Amino acid sequence: GGGGGGLAVISAVNNYDSTSYFSSYSFTGFDSSYDNYFVLVHAISQQGAGDITLEFLDDGSDLPDSAYRYSAYGKDSNGTDQILTGNNTATLQLFDNQKSGDNIPVSGYMYFHNGRGGRWDSDSSDSEGAVRPSVQWQFGGKDNNNYHRVAQGSGHYDNTSANTCNGFKLNFTGGSGAVKVCLTVYGIKRS
């Protein structure tokens, strides 16, 4: 027996502009209705070679200090290990050195989990306490060395609880920014 739980589409985004680029994409829809969020990234293409980074948002504002910790492992199609790590950094690095061009997207997923420590953006914890905002991800795409690469990682922000955060911001450092940002955000209810 069981019951409860569920997956709901919260937002579907298909931004494409080959002349005016997106330096970032922000989602501020995390709220106390859902425990966790799953983001399916269909395509991110950048105008120039560069990185994709992430910051958590509190009431729509970037969390300001260098308190991100993350680790990601990957391998490229040449068989070379590709490691991304950071400790007390200003952002989480999800994918580095993406190749430029709107026909070479990065795709994958991000899973924002609250560890049953209260609901996002509720500004209060439940009986199981408060936990740090965390994300796990897997991205795949072409890098500027012309190899296909995968990056699987996990990270968190150390200086607040998930129940203060209402979303995330993706930053695109390739040239003038992203040409295409196509993703779907799902909310996951507690079961």
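Me: Is Arg 149 buried or exposed?
Reply: Arg 149 is buried in this predicted model, with a relative accessible area of 3%.

Me: A charged side chain in there! Which residue does Arg 149 meet in a salt bridge?
Reply: Its partner is Asp 96. The N to O distance between the two side chains is 2.1 Å.

Me: Which residues are linked with Arg 149 in a network of salt bridges?
Reply: Asp 96 and Asp 143 join Arg 149 in that network.

Me: Nice. How many salt bridges does the structure hold?
Reply: There are six. One of them pairs Arg 119 with Asp 35, at 2.8 Å from N to O.

Me: What does the pair of Arg 119 and Asp 35 tie together?
Reply: Two loops. Arg 119 is in the loop between strand 9 (106–113) and strand 10 (134–142), while Asp 35 is in the loop between strand 2 (24–27) and strand 3 (36–46). The pair therefore ties together parts that are 84 residues apart in sequence.

Me: How do Arg 119 and Asp 35 come out, buried or partly exposed?
Reply: Arg 119 is partly exposed, at 28% relative accessibility. Asp 35 is buried, with a relative accessible area of 3%.

Me: What about Lys 169, which residue does it form a salt bridge with?
Reply: With Asp 62, and their closest N and O atoms are 3.3 Å apart. This pair links distant parts of the chain, since Lys 169 is in strand 12 (residues 167–172) and Asp 62 is in strand 5 (residues 61–62), 107 residues apart. Lys 169 counts as buried at 17% relative accessibility, whereas Asp 62 is partly exposed at 32%.

Me: Switching to Thr 53. Where does it lie, and what is it in contact with?
Reply: Thr 53 lies in strand 4 (residues 50–58) and is buried, with a relative accessible area of 10%. Leaving aside neighbours within four places in sequence, its contacts are Thr 91, Leu 92, Gln 93, Leu 94, Lys 169, Leu 170 and Asn 171. So Lys 169, which is buried at 17% relative accessibility, turns up again among the contacts of Thr 53.

Me: How many residues are in the largest nonpolar core?
Reply: It has 39 residues. Those with the most contacts inside it are Ile 52, Leu 54, Phe 56, Met 110, Phe 112, Phe 168 and Leu 170. In soluble globular proteins, nonpolar side chains tend to be buried together.

Me: Pick Phe 112 for me. What is it in contact with?
Reply: Beyond neighbours within four places in sequence, the contacts of Phe 112 include Phe 30, Tyr 37, Val 39, Leu 54, Phe 56, Trp 120, Val 135 and Phe 168. Asn 36 and Ser 134 are also in contact with Phe 112.

Me: Last topic, backbone. Which residues other than glycine have a positive phi?
Reply: Among them are Asn 97, with phi near 60°, and Asn 146, with phi near 70°. Most residues other than glycine have a negative phi.

Me: Where are Asn 97 and Asn 146?
Reply: Asn 97 is in strand 8 and is partly exposed at 25% relative accessibility. Asn 146 lies in the loop between strand 10 and strand 11, and at 44% relative accessibility Asn 146 also counts as partly exposed.

Terms used: Residues are numbered from 1 along each chain as its sequence is written. This is a predicted model: local features need pLDDT of at least 70, side-chain atom pairs count only at pLDDT 80 or more; totals for chains, interfaces and linings use all residues. Side-chain values use heavy atoms; hydrogens and water are left out. A salt bridge is a side-chain nitrogen of Lys or Arg within 4 Å of a carboxyl oxygen of Asp or Glu. Helices (H or I, at least four residues) and strands (E, at least two) are DSSP runs, numbered from the N terminus. Buried means under 20% relative accessible area, exposed over 50%, partly exposed in between (1.4 Å probe, protein chains only). Contact means heavy atoms within 4.5 Å. A nonpolar core is a set of buried Ala, Val, Leu, Ile, Met, Phe, Trp, Tyr and Cys residues joined through side-chain atoms within 4.5 Å.
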